[in-house]
Amino acid sequence: MTVTPLHQHQPPAAPSPAAMASMSPIYQPAPAGTPDDTPRVFAAITAVMRDVMPVAKDKENQQQRYKFRGVDDAMSAMAGPMRAHGVFILPSIAAHRAERRGEKMTHVNITMRYHVYGPAGDCLTAEVPGEASDFADKATNKAQSAALKYLLFTLFMIPVDGRSIDDGDRDHPVEPTPEHRAERQQNQQRRQQQRAQRQQQPRRSTRAEPGPWEQPTPAAPPPVATPEQLLADAQAAPSPEAFAAVRARAAEAGAPAEFLARLDRIAAEKRAAAEKRQPTGPAPYSVSDAVAAEPTVPASVVAAEQAAAEAESALRVAASRANLPTLDQDFERVYGLPIEQATADQLNQFRRQIEAAGGAQ
């Protein structure tokens, strides 16, 4: 028969004297020779607790919509009773750690050590943590303010307004108004745009000389010609090739179909004026010839040419809206002649076919 001994539970080891000292309250007695009837710090703290007035949550964070008690309120409530009973606090920083979060934010964790002195000169020491973040140089200041506020509330048990007692330091936020929702959304969009702009900008180094990625920004390209300039260039084009260059510039600049059709109308008018000067066949035109040309044909012919020019302009607008890049080839395949030689009736008929096809889609 084999007997297996049962496992006996071992009690936890007793903490070391140093650990016990760190967990015990730190008290420094009064100096030698202090009268016995002088109140010690414990009695003075109790007297301050009896006289301190309540502190309510009467401050409100307008951006995040919650109420809070500020450190100024706690200090104002404690100043009078502490002076009356001879109590003062001497602060020092026991531990401090700061770290960067993102490009500009600084996050700070500190441990504040407060020495609370009574009228007899004895001292009670307490340590309180503090934590805060800031985009400038105020993170440590905020952490110190938070630690001091909670020391005053917990050590002296400052009464709070009965209407705002809760476990946390903030009430549940009220339902935001539509104006507040719109403002919050605008702020979020603005922050996202700023964050995107920061990500697009190259980071600069701390070197005295810039690196290859930090060279000066090249000069901006010349401004795009205005519609008025393009129209003037089209009117002044001395040849079809020059006009084609002007139209290409307008297309590259993203000109709408109506503007391109307006340029095409100018070309048609210049072409008609050049053909009046040379009835035997088309020839390169010049602005001076077009302006100086006198009507040598009957008014009916001029009206027909003007109607054809307007019909061609309307046709090209319809083709642009229908996304038909092969307009000239399609027209010549159907009617057996180029658009420049077609009549207004033929141009209008083909335009109506394009519009009908587009409406049927």
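Helix α11 is followed by G336, whose phi is positive, near 75°. Helices (H or I, at least four residues) and strands (E, at least two) are DSSP runs, numbered from the N terminus. The structure is a predicted model, in which local features need pLDDT of at least 70 and side-chain atom pairs count only at pLDDT 80 or more, while totals for chains, interfaces and linings use all residues. Residues are numbered from 1 along each chain as its sequence is written, and side-chain values use heavy atoms, with hydrogens and water left out.

The protein chain contains 12 helices and six strands. Of its 361 residues, 29% count as buried, where buried means under 20% relative accessible area, exposed over 50%, and partly exposed in between (1.4 Å probe, protein chains only). Among contacts in the protein chain with a separation of 6 or more, 57% involve residues 24 or more positions apart, a contact being heavy atoms within 4.5 Å.

In soluble globular proteins, nonpolar side chains tend to be buried together. A nonpolar core is here a set of buried Ala, Val, Leu, Ile, Met, Phe, Trp, Tyr and Cys residues joined through side-chain atoms within 4.5 Å. The largest such core has 30 residues, and M78, I89, Y114, L152, F156 and I158 have the most contacts inside it. Two or more residues each are given to this core by α2 (41-51), α3 (71-84), β5 (105-117), β6 (123-134) and α4 (139-155). The largest share, seven residues, comes from α4. Not counting residues up to four places away in sequence, L152 touches A74, M75, M78, I89, M157 and I158. Apart from this core lies another, of 13 residues, among them A318, F331, A342 and A344.

The buried residues of α11 are L327, D330 and F331. Seen down the axis of α11, they fall within an arc of 95° and so line one face of the helix; the arc is that of the directions from the helix axis to the C-beta atoms.

D330 lies in helix α11 (residues 327-335) and counts as buried at 13% relative accessibility. Its side chain makes a polar contact with the side chain of R333 (2.9 Å). A polar contact is a pair of N or O atoms within 3.5 Å; within protein, one must be able to donate a hydrogen and the other to accept it, and residues adjacent in sequence count only if both atoms are side-chain atoms. D330 also touches L324 and F350, not counting residues up to four places away in sequence.

Five aromatic pairs are found in the whole structure. Rings of Phe, Tyr and Trp (its six-membered ring) pair if their centres lie within 6.5 Å; planes under 30 degrees apart count as stacked, over 60 as edge-to-face and the rest as tilted. The rings of F331 and F350 have centres 5.4 Å apart and planes at 90°, so this pair is edge-to-face. Because F331 lies in helix α11 and F350 in helix α12 (residues 344-360), the pair ties together parts that are 19 residues apart in sequence. F331 is buried, with a relative accessible area of 0%, and F350 counts as buried at 7%. F331, Y335 and F350 form one aromatic cluster.
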